[in-house]
Amino acid sequence: MSAEAYPLQGLDKDEELLTFSGYAEEQACIGHLRGDFAQGTEFWTTWWVHQEELVDQDFKDELDSVVNALRKNGPLKNLSAMQSFCWKHKQAQMSPESGKDYYGFRVDTPKRRYYLRFLPLRGNYNFYIYCYQTDKLERAAELPPREERMSKQTIKVLVVEPTKPCEVREILPDLKSLQGVVGGKIEMVSPFTESAAIICNAEGKNLNLPPNRLLCDCYGDPYDVLCGTFLIVGVGGENFISLTDFQLRSYKEMFDHPHLLAIPLEVPDSPEKPTEQKKKRGKTHER
């Protein structure tokens, strides 16, 4: 099976958000695959299911076929192949709202659509494949415009208060609601590789808000402290969206236990460490 069996199409701007976790479209999303090439030639993937009832053997076989075809002679062969493919398809570069370093593509099959988001840069997760059932996706497209739905629909976020465990809340994704949670002007921090971000008080330190949680690098060394209440939200293009159930569990586990700030915020000099971060790997995508 060659890559030509699954030709890649470019995306319209209104399709870009389908390469992230979304709203009504989420009901049509079977799941998504995240992967990277490590140093350039490895192939590591992690799978997240969104709608368990849509995962049948026919889908599993088709996803295997699509991935294997794109790995054989396509952009998923290795990092160099992805870079070459993206540079030859500059028109597929996503809009600044979705992320100008991303390239978006789509594969159609008789029953499903696969939306692919490529990031051809070393040291990052290099691709996401969002898998949708076509009939459900088309029904979702008949709903009111996304902006109208977002103005009325709450999103599920994780609120983190000083010295307290995390709390799942549903809030409106507007500026007033976000400011109400953090108690003032907001600032977005993006320490995650996933489509999520921290929203905190932009003046938390100047206002002497109580220290909350430490932000640590991949070696566990703290590099900053978040002061005052903050929240973690999903990010879909230029919009804030609900965290997935997986994200809620993961970030709750990560931030649930308050770190007592009984250590200096400036890390003492230590032996030089490699600048390239080594990510925790999922299982290799065996075919």
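Reader: How many aromatic pairs does a search of the whole structure find?

Author: That search turns up 10 aromatic pairs; rings of Phe, Tyr and Trp (its six-membered ring) pair if their centres lie within 6.5 Å, and planes under 30 degrees apart count as stacked, over 60 as edge-to-face and the rest as tilted. Bear in mind that this is a predicted model, where local features need pLDDT of at least 70, side-chain atom pairs count only at pLDDT 80 or more, and totals for chains, interfaces and linings use all residues. Residues are numbered from 1 along each chain as its sequence is written, and side-chain values use heavy atoms, with hydrogens and water left out.

Reader: How do you know whether Phe-43 is buried or exposed?

Author: Buried means under 20% relative accessible area, exposed over 50%, partly exposed in between (1.4 Å probe, protein chains only). Phe-43 has 5% relative accessibility, so it counts as buried. Phe-127, with 0%, is buried as well.

Reader: What makes the pair of Tyr-115 and Tyr-132 edge-to-face?

Author: The planes of Tyr-115 and Tyr-132 are 85° apart, with 5.6 Å centre to centre, and an angle over 60 is what that class asks for. Tyr-115 lies in strand S5 (residues 112-118) and Tyr-132 in strand S6, so the pair ties together parts 17 residues apart in sequence.

Reader: What makes Arg-117 sit over the ring of Tyr-102?

Author: The rule wants NZ of Lys or CZ of Arg within 6 Å of the ring centre and within 35 degrees of the ring normal. The charged end of Arg-117 is 4.8 Å from the centre of the Tyr-102 ring. Arg-117 also lies over the face of Tyr-128, at 4.1 Å from the ring centre.

Reader: Which residues touch the most other members of the largest nonpolar core?

Author: Among them are Leu-116 and Phe-127, in a core of 28 residues. Such a core is a set of buried Ala, Val, Leu, Ile, Met, Phe, Trp, Tyr and Cys residues joined through side-chain atoms within 4.5 Å. Helix H1 (57-73) is one of the elements giving two or more residues, and the largest share, 6 residues, comes from H1.

Key: Helices (H or I, at least four residues) and strands (E, at least two) are DSSP runs, numbered from the N terminus.
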